[in-house]
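User: Hey, I'm new to this one. Can you walk me through it?
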Amino acid sequence: MTTLSAQKTDSIPSKTDPKKALNMEIDTIAMDMEGIEQMENMESKAELKDNVLLLLKGDKKYDLQDRKEAARYDSLWLKELSNNTILFDSIYEDISTMEIDTVYHYSVHTDTLKARLELLNQKTPFNITYNPSLENVINSFLTRRRGLMSRMMTASQFYFPLFEQELDNQNIPLELKYLAIVESALNPKARSRVGATGLWQFMYGTGKMYDLDVSSYVDERSDPINSTKAASLYLKKLYTIFDDWDLALAAYNSGPGNVNKAIRRSGGYKNYWNIRRNLPRETAGYVPAFLATMYIFEFAKEHGFEQNIVDRPYFETDTVHVKTMITFDQISKLVDISVEELEVLNPSYKLNVIPYVKGKDYTLRLPIDAIGKFVNNEEAIYAHVKNELQATEKPLQQIVQSQNEIRYKVKSGDFLGKIAERYGVGVSQIKAWNGLRSNNLRIGQRLTIYPKKNLTTAKSANTSTNTGTSNDLKVHTVKSGDTLWTIARKYPGISINNLRKWNGISGNNIKPGTKLKLCDCSS
């Protein structure tokens, strides 16, 4: 034992002076009243006009007019949320390598901690009881990660109202909001080493199960609203399986199969603390990290945290459906908002481009004052964007559909150009999909690729260079705890839809002992 010293309702309305509200052209108070007469009173008498885009002299910005009553965007929040993006790696490393039996000396008395944990246990559905391991994790967070927790308390004021709304919609514990801190340090763009992405760290397959769109342009796992809805549904599903919130959390991190294995290996125990040593290492520290985060937030004052209460803990924003492809750079120049602000408000657009795809609704989220400029000049903006796109020498890449995603493992002798040629994509695309800043690769590194070449052709071309291929690699024998998702993860380039199609499976149920084909082949 080692001894150390010591994370689709639009804008939340702000508090408005009733006297000022009466002077506004649009009677927003009537929104809470009923009847046709009140609805008519809401109509603005001001005529909306689509203005001509006027380029300011000596500048590359446009003089778009808006209504004066629109509130100014709160730039302090932008800075706070942008700064938090660097914290994900820190908390991810901590939880993945946590030695929860390490002792950290801190001033809180054990008896006091026991009493506080009992209070938490009484008001939450989680199994919160004192044990030395949990005490060690709490003391570790209070010493080594105190600064991180303090910043999370500020950032949480932006995200928690959204989380609580979605959790309440699914009638599951509101305390699950703390899970996003453990998962991503409240960074919507967080991406783990294995490809889990967003505030709630969805893997690709799980995200697709809950209708999160992923393509070369869009990753809804990074969309705070859509990903929170999906996480709430997934957590609710896991609870129906295990009937225990601690085990549901463990399954969220490592998968239901690993939790079932841990239960078997422990002799049938179903209490998290009894099966913890049979779980993967990162999961062994996962639930204690969640409980420690909940404890620190609930007893922040008792531990000397001075919360920076924000008067307006949200962005006053609204959304508009785009009617043509448009880039963040174009939006920035047209409505006078920085690209950095656009990235914070629209984290699901991977390449800073909002695509237009028939049959899909992609939205642009803007501050209230900027949305007015955009809507009031919409037709002129789209005409301007169209002219710019036509004048561009190199057209934007075509959108690649998400069902073609593969995870490629870098081998000796690989380089970006070779991999790009194999799958019919560009080097710049691979770098954008994986956040690479250089062309350097390391053996064993995994890359996300959306191939344009037929995947079967690419795989067969690759296989032909290997002389040791056997028929055994074409079949997977289902084992206890296997799911289509876990099997697909084991074989890069194979999706759940592939397994269903090749094996005539309509649902998700598979029985142990079943042999599944891993190719579109006759045997």
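User: OK, so at what angle do the axes of α18 and α19 cross?
Analyst: At roughly 75°, and the axes come within 5 Å. Helix α18 covers residues 368–376 and helix α19 covers residues 378–391. Angles of 65 to 115 degrees count as roughly perpendicular, so α18 is roughly perpendicular to α19.

User: Which residues make the contact?
Analyst: From α18 there are Lys373, Phe374, Val375 and Asn376, and from α19 there are Glu378, Ile381 and Tyr382. By type, that contact has four nonpolar residues, one polar and two charged.

User: Switching topic: where is confidence lowest and where is it highest?
Analyst: Strand β1 (residues 3–4) is lowest, with a mean of 36, while helix α10 (residues 224–242) is highest, at 95. For the protein chain the mean pLDDT is 76, with 71% of residues at 70 or more.

User: Which stretch has pLDDT below 50 and nine contacts?
Analyst: That's residues 455–472, counting contacts beyond near neighbours in sequence. Residues 1–52 are also below 50, and that stretch has 71 such contacts in the model. Where pLDDT is low, the predicted coordinates should not be read in detail.

User: And α7, where is its kink centred?
Analyst: On Ser156, with a kink of about 50°. Helix α7 runs over residues 146–169 and spans 32 Å from first C-alpha to last, close to the expected 34 Å.

User: What follows α7?
Analyst: Asn171 does, and its phi is positive, near 55°.

Conventions: Residues numbered from 1 in each chain as written. Predicted model: local features only at pLDDT ≥ 70, side-chain atom pairs only at ≥ 80, totals over all residues. Heavy atoms only, no water. Axes fitted to C-alpha atoms, helices over the stretch in contact; angles between N-to-C directions. Helix = DSSP H or I, 4+ residues; strand = E, 2+ residues; numbered from the N terminus. Parallel < 35°, antiparallel > 145°, perpendicular 65-115°, else oblique. Contact = heavy atoms within 4.5 Å. Nonpolar A, V, L, I, M, F, W, Y, C, P; charged D, E, K, R; others polar. pLDDT = per-residue confidence, 0-100. Expected span 1.5 Å × (residues − 1). Bend = angle between axes of the 7 residues up to and from the residue.
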